Amino acid sequence: MSMPICEMPINHFKRNLHAGKTQIGLWCNLFNNLTVEVVAGSGFDWILLDTEHVPNEPFMVLSQLQAAVGGTATPVVRVLWNDPVIIKRYLDIGVQNFLIPMVQNAEEARKAVAATRFPSYGGNRGFSAATRANKFGRVPNYHHKAQDEIGVLVQVETRAALKEIEAIAAVEGVDSIFIGPGDLSSDMDHLADLSHPEMLAVTEDAIKRIIASGKAVGILSPVESEARRWIELGVHYVAVGSDLALIARGSEALAAKYKSPGA
């Protein structure tokens, strides 16, 4: 009996980045497969599954990836750190798009790319014959084709990193530079004030420089007017909110509707 043959999973998010298409996404903080299943089918182009600031572990991410199958949104996973061992675990469960936090320079960007490539292709990814990533051994020549469908998005979120944009963008294998406004606001002494005029000016400058470098640029921007401003400037993918905020603000509004005076 012959083994079933499967096609290499296509990374539509990465292909759209390189095609210059604008993609609208949602940040997922709730580390729950059911909420991912709901929002993945809501019409977004991509969703961010966070593991840096929430207690989301590989086993839970696996269930979230499964829940996203059939939805409109391609998952992007933000890992804990720029670490090849951490990245390897997510590669093997089928993650194709990685957001790597706190990348400060070209050397750290090269490290992120190397973690997603096998040694034959200049990286240090560990070998496993059969994982969810290659449909349990059913994708022919997976190990020679995998890097073509893996997206590497590096996050710049300090003043020092912003100075290195051109050098980071020049690293082969980096598909995009993502501007992290939260940590950048802290580093610029505007902690949590993402709409401070200096923050907006620095963000606009970074967007223009990333686009000029020839790389795709992404950002998290929950304020609609600002998100639309970045899209007009040419941002390729933007997260316009989060599942947590939708539940928190929505539930608060509903409670207030019935508990406020005169309701």
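Trainee: Are α10 and α11 roughly parallel or roughly perpendicular to each other?

Mentor: Let's start with the general idea. Two packed helices are described by the angle between their axes and the distance between the axes. Keep in mind that we're looking at a predicted model. Here, helix α10 covers residues 197-213 and helix α11 covers residues 224-233. Their axes cross at roughly 25 degrees and come within 10 Å. Angles under 35 degrees count as roughly parallel, so α10 and α11 are roughly parallel to each other.

Trainee: Which hand does the crossing of α10 and α11 have, left or right?

Mentor: α10 passes α11 in a right-handed crossing.

Trainee: And which residues of α10 and α11 meet?

Mentor: From α10, look for L200, T203, E204, I207, K208 and I211. Across from them in α11 you'll find E226, R229, W230 and L233. Sorted by class, this contact has five nonpolar, four charged and one polar.

Trainee: Let me try another pair. At what angle do α2 and α3 pack?

Mentor: Helix α2 (residues 33-40) and helix α3 (residues 58-68) pack at about 30 degrees, and their axes are 8 Å apart. That angle makes α2 roughly parallel to α3. The crossing of α2 past α3 is right-handed.

Trainee: Which residues make the contact between α2 and α3?

Mentor: On the α2 side they're N33, V36, E37 and A40, and on the α3 side S63, Q64, A67 and A68. Class by class, that's four nonpolar, three polar and one charged.

Trainee: What lines the largest cavity?

Mentor: The lining is D92, F118, R125, G126, S128, T131, N134, Y142 and H143. By class, those are five polar, two nonpolar and two charged.

Definitions and conventions: Residues numbered from 1 in each chain as written. Predicted model: local features only at pLDDT ≥ 70, side-chain atom pairs only at ≥ 80, totals over all residues. Heavy atoms only, no water. Axes fitted to C-alpha atoms, helices over the stretch in contact; angles between N-to-C directions. Helix = DSSP H or I, 4+ residues; strand = E, 2+ residues; numbered from the N terminus. Parallel < 35°, antiparallel > 145°, perpendicular 65-115°, else oblique. Left-handed = near helix turned anticlockwise from the far one by under 90°. Contact = heavy atoms within 4.5 Å. Nonpolar A, V, L, I, M, F, W, Y, C, P; charged D, E, K, R; others polar. 1 Å grid on protein atoms, 1.4 Å probe; cavity = no way out; pocket = protein on both sides within 12 Å on 5 of 7 lines; lining within 4 Å.
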